[in-house]
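Welcome! Please open the structure in your viewer and get ready to select a few pieces one after another.

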Amino acid sequence: RRFTSSRRSDRDSQIAPDRNEIGRDRPSLRQAGVFSGQLDPPLWLSDGLRGYSANLRKDVSDVVMVWGPADLVCFSVPMWLRLPVRHVVSFVWTAYLSFVRGSK
């Protein structure tokens, strides 16, 4: 529906929000710098890659130690149990990552 006049009635303002209200609750690029301490996106990338490369060896060994046996178990159980097993392993894996990386 198109608005033909520049004035909005009470009913119209309840249906469509004012343009100034749209996006107020979304974080802006400037607010995202709060988490990294920098306002420059290339610095976010370099910080992220630095953390990735520092954790790469441990992360790869953890992935192999967890998901290797988990895949063996997952594909050895009956078909109806594969998805629940995968979900449980995924939940435990996510909790482990949160525990290990969450304090940093």
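**Whole chain.** Remember that you are looking at a predicted model. Now colour by burial. Of the 104 residues in the protein, 11% are buried.

**Helix H3.** Select residues 41–74, which form helix H3. How far does H3 span between its end C-alpha atoms? The answer is only 40 Å, whereas a straight helix of 34 residues would span 50 Å at 1.5 Å a residue.

**The buried residues.** Show the side chains of Asp 62, Trp 67, Ala 70 and Cys 74, the buried residues of H3. What do they pack against? Select 79–101 and you will find helix H4, their packing partner.

**The pair.** Keep H3 and H4 on screen together. Two packed helices are described by the angle between their axes and the distance between the axes. Here the axes of H3 and H4 come within 10 Å and cross at roughly 160°. An angle over 145 degrees counts as roughly antiparallel, and H3 and H4 are therefore roughly antiparallel to each other. Their crossing is right-handed.

**The contact.** To finish, display side chains where the two helices meet. On the H3 side, the contact includes Asn 55, Asp 62, Val 66 and Trp 67. On the H4 side, look for Arg 82, Val 89, Trp 93 and Tyr 96, among others.

Methods. Residues numbered from 1 in each chain as written. Predicted model: local features only at pLDDT ≥ 70, side-chain atom pairs only at ≥ 80, totals over all residues. Heavy atoms only, no water. Helix = DSSP H or I, 4+ residues; strand = E, 2+ residues; numbered from the N terminus. Expected span 1.5 Å × (residues − 1). Buried < 20%, exposed > 50% of the residue type's maximum accessible area, 1.4 Å probe, protein only. Contact = heavy atoms within 4.5 Å. Axes fitted to C-alpha atoms, helices over the stretch in contact; angles between N-to-C directions. Parallel < 35°, antiparallel > 145°, perpendicular 65-115°, else oblique. Left-handed = near helix turned anticlockwise from the far one by under 90°.
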